[in-house]
Amino acid sequence: MSAYGHQMEQQYSAHSLSSRGSGRRQSSYSCQSRSHGVIEIEKPSYDYNYCQIISLHVELNKVEADHFPSICRVVALQYIKEGQYARDLNSTVWMIQNYFSTLKRDGVDVVLMDIDDVLSSSPQYIKLLVDRDDQYGSSDCVEEAKQLKHVYILRLYMKLHASGWPLILLSRKPETQLNSSIEYLISAGFRAWSSLIMRSEDDLQMDSCDYFSKQRAAMQRKGLRIIGTISSHMDALTGTSLGERIFKLPNPVYYSF
């Protein structure tokens, strides 16, 4: 961890210790150890709030992963294992579906979806959550989170498609992976999208936020109206030419591509 990360964790630990008392409300989290049986890790509710705030600001400022306090790894695993991640996904997808159900479609309306939420499994995300020996079964949590996200994104995709919304899929991956990406999406249940946009050779060195802005601006110059953009990553939801609405899907922790 960087010096910045150590400083954040030291400041957090001092605050957490000073806030502990006999009447404090706590939650507990258990992971199955592969070699040491069940390990109980008790965390005060302050942990979740602390890590949520840190995660948001790390993501907003595009800070590298080594600045993320290690204490938040356990909190992120707890977020998955206790079912809160699934509940947040469900609530967010319901909100998006409800919003689109109130709209009347126009011939120029489109919905943008960041398809890297399905195509990609970021090594940085794995590094943040999985310890070297995977003592707490972290890899199982990561796989569970990935599968949950796939299920809910596919559910949302199928609902929007059935309602007649034209869906444009955007990816940070290079165009050289177009065929393999199409095959994977079809095998995962995604079909009949309007277009799949991937990075050209000229776009590969471009900041991802600028890349998304460039693609949205190009659509609008063609006369398309972006009704909504859906992603779990801030780079796809910031910048210029955003359109009518943006919807952020939850993540267990911040990670970048």
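**Notes on the predicted model**

1. Let me start with a loop: Ala192 sits between α8 (178-187) and β5. Although Ala192 is not a glycine, its phi is positive, at about 60°. Its relative accessible area is 55%, and because exposed means over 50%, Ala192 counts as exposed.

2. Setting aside neighbours within four places in sequence, His161 touches Leu167, Arg191 and Ala192. His161 and Arg191 are separated by 30 residues in sequence, while their C-alpha atoms lie 9.1 Å apart. With a relative accessibility of 36%, His161 is classed as partly exposed.

3. Ser241 also deserves a glance. It is a residue other than glycine with a positive phi, near 55°, and its place is the loop between β6 and β7 (245-248). Ser241 is partly exposed, at 23% relative accessibility.

4. Now for the chain as a whole. It contains nine helices and seven strands, and 48% of its 257 residues are buried. If you take contacts between residues at least 6 apart in sequence, 73% of them link residues at least 24 apart. The exposed surface comes to about 13,300 Å², with carbon and sulfur atoms supplying 50% of it.

5. The buried residues of α4 are Tyr85, Ala86, Leu89, Thr92, Val93, Ile96, Gln97, Tyr99 and Phe100. These cover an arc of only 160° around the axis, so they fall on the same side of α4. The exposed residues Trp94 and Ser101 are carried on the face turned away from that buried side.

6. What does the largest nonpolar core contain? It has 36 residues, and those with the most contacts inside it are Phe100, Leu185, Phe190 and Ile230. Elements that give two or more residues to this core include α3 (71-81), α4, β3 (109-114), α7 (138-162) and β6 (225-231). Helix α7 provides the largest share, nine residues. In soluble globular proteins, nonpolar side chains tend to be buried together.

7. Beyond its neighbours within four places in sequence, Ile230 contacts Ile96, Val111, Leu112, Met113, Asp114, Leu156, Leu160, Phe247 and Leu249.

8. Last, the strands around β4. Six of the eight residues in β4 are buried, which leaves this strand mostly covered. Strands β3 and β4 pair in the parallel sense over four bridges, and Asp114 stands opposite Leu170 in β4. The pairing of β4 with β5 is also parallel, over four bridges; there, Pro174 stands opposite Arg199 in β5. When you follow the side chains, keep in mind that in a regular strand they alternate between the two faces of the sheet.

Technical notes: Residues are numbered from 1 along each chain as its sequence is written. This is a predicted model: local features need pLDDT of at least 70, side-chain atom pairs count only at pLDDT 80 or more; totals for chains, interfaces and linings use all residues. Side-chain values use heavy atoms; hydrogens and water are left out. Buried means under 20% relative accessible area, exposed over 50%, partly exposed in between (1.4 Å probe, protein chains only). Contact means heavy atoms within 4.5 Å. Accessible areas come from the Shrake-Rupley method with a 1.4 Å probe; for residues, only the protein chains shown count as cover. The arc is that of the directions from the helix axis to the C-beta atoms. A nonpolar core is a set of buried Ala, Val, Leu, Ile, Met, Phe, Trp, Tyr and Cys residues joined through side-chain atoms within 4.5 Å. Two strands pair if DSSP finds at least two bridges between them.
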